[in-house]
Amino acid sequence: PTSYIPTSGSSVTRNKDQFTRDGIASLIGQTEGSIFLDITRDSLESYTQRVLTLSDGTTNNVIGIQLTSANDITFYVENGGSNQVAITKSNATTSNVSVKIGIAYKANDFVLYIDGTQVGVDSSGSVPATSIIKFSNPVGSLQYVGRVSNLQLYKTRLTNTQLATLTS
């Protein structure tokens, strides 16, 4: 896909799209929540990309979804610099193919769904305080390279049935 850029005879490079949304503080930072993402990876990168992170601006307190160079998707949680959760689906993505990801988190209640299937659960762990959402790691590196067709943020932990339906 391309966008028309009038150039008046000169060459122009299009910069990346950036999206900013204020007024969503009530959706970030509570002790439970759910995230739905419909993404399409453009290509296989040689580094682990952070598709989405909720954080306090540091790498010590993070709820995140990452893609590895081996096509794995991992839902992870760090609280106070200590790993709380890491649920991984190996070989979960392919270039230019949509993947629907659903995660839910609440103290001692974490789950990852991909394309309608429950990948894994973790019944032990705490939830960090968060206030920032990024398509990178909390300090702005390891940016996601791909498309986001849909992002939904819920301030409650959806049921597993709801997550299965959302990601199908």
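I looked up the open sheet, which has 5 strands in the order 5-4-3-2-9 with antiparallel pairing. The model is predicted, so I took local features only at pLDDT of at least 70 and side-chain atom pairs only at pLDDT 80 or more, while totals for chains, interfaces and linings use all residues. Residues are numbered from 1 along each chain as its sequence is written, and side-chain values use heavy atoms, without hydrogens and water.

Strands (E, at least two residues) and helices (H or I, at least four) are DSSP runs numbered from the N terminus; two strands pair if DSSP finds at least two bridges between them.

I checked the edges of the sheet: strand 5 (82-89) and strand 9 (132-134) each have a single partner strand, so one side of each lacks a neighbour in the sheet.

Gln49 stands opposite Leu67 in strand 3.

Next I went through the salt bridges (a side-chain nitrogen of Lys or Arg within 4 Å of a carboxyl oxygen of Asp or Glu). I found 2 by this rule.

Arg147 and Asp42 form one, at 3.3 Å from N to O. Arg147 is in strand 10 (residues 146-154) and Asp42 in the loop between strand 1 (32-41) and strand 2, 105 residues apart.

Arg157 and Asp109 form a salt bridge at 3.1 Å between the closest N and O atoms. Arg157 lies in the loop between strand 10 and helix 1 (160-167) and Asp109 in strand 7 (residues 109-114), so the pair ties together parts 48 residues apart in sequence.
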